[in-house]
Amino acid sequence: TIACSQAPKNVNVAKLIQVDGTVEIQKGEGASYSKAYLGSELLPEYILKTGHDSRTKVQIGERAVISVEANSVVRMRDLKRDGTTGQENTRIEFKSGKSMVNITKKLSSQDSFDVMTPSAVAGVRGTEFLIDTEDPANSRIAVTKGAVAVRKRIAAIDDQPQDQGSAAVREAL
C-alpha cells in the first residue's frame with residue numbers, strides 16, 4: 001500500500017517558491033531539521049530556518065508572499081483556509097532575523113493575517129512591510145506600503161491556539 005501525504009482539511013498550505021543557500025524545516029517544536037527544497041510545504045507549527053548567506057520566499061495561499069532573509073527563524077502558527085468560503089486566517093511568528101511580508105491580494109473583512117515578533121503583534125490587511133527581530137526585545141516593523149496595526153505582544157493571549165474566544169480577545173486589543 002502506498003500512502004500519499006496530503007494537507008489536513010481547512011489548512012492553507014505555505015510553499016517555498018524560492019530557495020537560495022541553506023534553508024531548513026522543522027516539523028514542529030523538538031523535531032529535527034531537514035533540508036528544504038523549492039516546492040517544500042509548510043504546515044501549522046512548522047519552523048523555517050535560513051542559514052548564513054541564505055534566503056527563501058514563501059507563498060501563503062493566494063494572498064501573501066514572505067521573503068525570509070539570512071539567519072532567520074519563522075514559525076507557521078496558524079494557516080487556516082475555509083474550503084467553502086475561501087476565508088483565510090494566518091498567524092506567523094517571526095522569532096529572529098529579517099523578513100519582508102507582501103500581501104499580494106487584499107484581505108476581505110473576514111480574513112486575518114497576524115504577524116508576531118518576540119515583542120509585538122501586527123494585524124495586516126493589504127500591505128507590504130519589513131520585520132526586524134535581530135534584537136528580540138525591540139522588534140521593528142517598517143511599513144513600505146499600506147497600513148499595519150501594531151501592539152505589544154502579550155504571551156498569555158498571543159501564544160494560545162487561534163480559536164473564536166482568543167481571536168475575539170486579540171481583536172479587542
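Reader: In strand 13, which residue is the bridge partner of S99?

Author: The bridge partner of S99 in strand 13 is I131, strands being DSSP runs of E with at least two residues, numbered from the N terminus. This is a predicted model, in which local features need pLDDT of at least 70, side-chain atom pairs count only at pLDDT 80 or more, and totals for chains, interfaces and linings use all residues. Residues are numbered from 1 along each chain as its sequence is written, and side-chain values use heavy atoms, with hydrogens and water left out.

Reader: What makes strand 10 and strand 13 a pair?

Author: Two strands pair if DSSP finds at least two bridges between them; strand 10 (residues 98–103) and strand 13 (residues 128–132) have five bridges, in the antiparallel sense, and therefore meet that rule.

Reader: Why is S99 called buried?

Author: Buried means under 20% relative accessible area, exposed over 50%, and partly exposed in between, with a 1.4 Å probe and protein chains only; S99 has a relative accessible area of 5%, so S99 is buried.

Reader: What does S99 touch, not counting residues up to four places away in sequence?

Author: With contact meaning heavy atoms within 4.5 Å, S99 touches I66, S67, V68, V74, F94, F129, L130 and I131.

Reader: How do you know that K49 lies over the face of Y33?

Author: A charge sits over a ring if NZ of Lys or CZ of Arg is within 6 Å of the ring centre and within 35 degrees of the ring normal; K49 lies over the face of Y33, at 4.2 Å from the ring centre.

Reader: Which strands stand at the edges of the sheet?

Author: The open sheet has seven strands in the order 4-1-6-7-10-13-14, with antiparallel pairing. Strand 4 (41–42) and strand 14 (140–145) stand at the edges, because each has a single partner strand, and one side of each is left without a neighbour in the sheet.

Technical notes. Helix = DSSP H or I, 4+ residues; strand = E, 2+ residues; numbered from the N terminus.
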